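Let's take a friendly walk through this protein, stopping at a few spots along the way. Have the sequence and the 3D view open as you read.

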Amino acid sequence: MEYRYKPNGVCSYEMIIEVEEDIVKKVTIVGGCAGNTVGVSKLVEGMKIDEVIKRLKGIPCGYKGTSCPDQLARALEEIKNNIK
């Protein structure tokens with residue numbers, strides 16, 4: 001199933017996340033630092049949602065207190081809560 005998430009406090013402005021059961025199938029991050037967002041997207045594909053959250057939640061970007069990886073973890077938490 002495809003989910004769309006509007007991140008807060010970061011340069012990216014949309015995350016399109018495809019999940020199947022508890023596996024991240026595809027992530028597209030619109031906006032932000034292209035090399036980093038594409039890299040993170042490719043690294044998490046095929047991973048279980050809980051593992052992605054565990055690895056990415058709380059990562060800051062400079063002084064922002066959040067980051068695109070952190071926002072992806074937050075999006076996955078929302079998705080996980082809606083799947084149940």
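## A buried isoleucine

First, a cut-off: a residue is called buried when its relative accessible area is under 20%. Keep in mind that this is a predicted model. Ile16 comes in at 14% relative accessibility, so it counts as buried.

Where does Ile16 sit? Its place is strand β2, which covers residues 12-20. Setting aside neighbours within four places in sequence, Ile16 is in contact with Glu2, Tyr3, Arg4, Lys26, Val27, Thr28 and Val30. As for Asp70, it is 54 residues away from Ile16 in sequence, and their C-alpha atoms are 15 Å apart in space.

## Helix α3

Asp70 also turns up at the start of α3, where its backbone nitrogen has a side-chain oxygen of Ser67 within 3.1 Å.

Which residues of α3 are buried? They are Cys68, Pro69, Asp70, Gln71, Leu72, Ala73, Ala75, Leu76 and Ile79. These buried residues pack against β1 (2-5), β2, β3 (23-31), α1 and α2 (49-56).

## The largest pocket

Now for some open space: the largest pocket holds about 170 Å³. Its lining is made of 14 residues, and Cys33, Asn36, Cys61, Cys68 and Pro69 lie nearest the centre. Two elements, α1 (34-44) and α3 (68-83), each give two or more residues to that lining, with α1 giving the most, at 3 residues.

Key. Residues are numbered from 1 along each chain as its sequence is written. This is a predicted model: local features need pLDDT of at least 70, side-chain atom pairs count only at pLDDT 80 or more; totals for chains, interfaces and linings use all residues. Side-chain values use heavy atoms; hydrogens and water are left out. On a 1 Å grid over the protein atoms alone, a cavity is a set of points where a 1.4 Å probe fits but cannot get out, and a pocket is an open set with protein on both sides within 12 Å along at least five of seven lines; lining residues have an atom within 4 Å of a point. Grid points are joined across faces, edges and corners, and a volume is the space filled by probe spheres set on the points. Helices (H or I, at least four residues) and strands (E, at least two) are DSSP runs, numbered from the N terminus. Buried means under 20% relative accessible area, exposed over 50%, partly exposed in between (1.4 Å probe, protein chains only). Contact means heavy atoms within 4.5 Å. A polar contact is a pair of N or O atoms within 3.5 Å; within protein, one must be able to donate a hydrogen and the other to accept it, and residues adjacent in sequence count only if both atoms are side-chain atoms.
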